[in-house]
Amino acid sequence: MHINTQGLVLREVNYKESDKLLTVLTRDYGKMTLKARGVRRSGSPLKASCQLLACGEFTIFEYRGMSTINEAQTVELFPELRTDLELLSLGTYFAQVAEVLSQEDDPNPALLSLTLNALYALGKLRKPQGLVKAVFELRAACLAGYTPDLEGCRSCGNPEPDRFDLEGGCLECAHCRSGDGTFVAVTPGILAAMRHVAACPASRLFSFCLGEETLRAFGSLTERYLSTQLERGFSTLDFYKSLFPVRDA
């Protein structure tokens with residue numbers, strides 16, 4: 001049986017002499033492990049579409065108990081990312097997050113669209129890396145079921161509280177001290193950015209800007225929030241940050 005679907009290659013592993021095993025986030029079938037036969041041979045028609053961060057239209061069939069790519073047509077390769085180590089490493093981080101958050105046989109078109117839009121914002125739109133990273137992290141957390149409560153202080157209801165609980169995913173005024181948690185300070189600018197990313201239409205996710213200091217603090221918060229909620233780190237993020245040891249990524 002053949003199926004056709006669009007997908008984004010999240011991970012690639014060399015297999016046998018000339019094959020690859022790909023982890024692909026597909027629009028219709030969720031995360032899939034696919035075998036690309038002979039793709040490492042010179043002149044393989046699958047080569048372009050079966051590489052990391054390639055988006056393509058895939059024809060898939062069952063071959064000896066494994067889902068195998070029969071044909072592939074490239075939709076987008078994000079060439080700007082492939083010539084810039086910073087952008088490529090950040091895009092690979094997005095792919096690893098998407099792999100962790102996606103499930104087999106569970107379509108998640110919103111997560112696929114978010115990842116593709118983040119890659120597009122990096123490569124085509126040249127949005128600031130810190131902005132794209134922060135937006136992706138917070139929106140990915142929301143799609144994974146960790147949408148923070150941003151209405152106001154959980155104790156007094158103040159709509160402009162001054163700190164955020166990374167564990168509880170809620171806001172609080174410092175003077176309320178309603179309970180234990182891991183708190184980070186939030187300014188009105190950070191709070192406005194969080195509310196925008198959590199609630200805006202997908203088409204407007206990257207349609208704002210922040211000053212350098214606010215963006216740095218916003219990015220630190222979103223990074224810590226995602227890792228706290230998922231209770232894990234990401235090797236690709238560690239590599240990205242290692243490229244700039246003097247920069248707070």
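Start by selecting helix 2, helix 4 (129-143) and helix 6 (212-230): these are among the elements covering the buried residues of helix 7. Helices are DSSP runs (H or I, at least four residues) and strands are E runs of at least two, numbered from the N terminus.

This is a predicted model, where local features need pLDDT of at least 70, side-chain atom pairs count only at pLDDT 80 or more, and totals for chains, interfaces and linings use all residues. Residues are numbered from 1 along each chain as its sequence is written, and side-chain values use heavy atoms, with hydrogens and water left out.

Now pick helix 7 (residues 235-242) itself: Thr 236, Leu 237 and Tyr 240 are buried (under 20% relative accessible area; exposed is over 50%, partly exposed in between, with a 1.4 Å probe and protein chains only). Look down the axis: the buried residues fall within an arc of 100°, so they line one face of helix 7. That arc is taken over directions from the helix axis to the C-beta atoms.

Next, hop over to the loop between strand 3 (30-36) and strand 4 (55-63) and click Ser 44. Ser 44 counts as buried because its relative accessibility is 13%. Leaving aside residues up to four places away in sequence, Ser 44 touches Gly 38 and Val 39.

Key:
Contact means heavy atoms within 4.5 Å.
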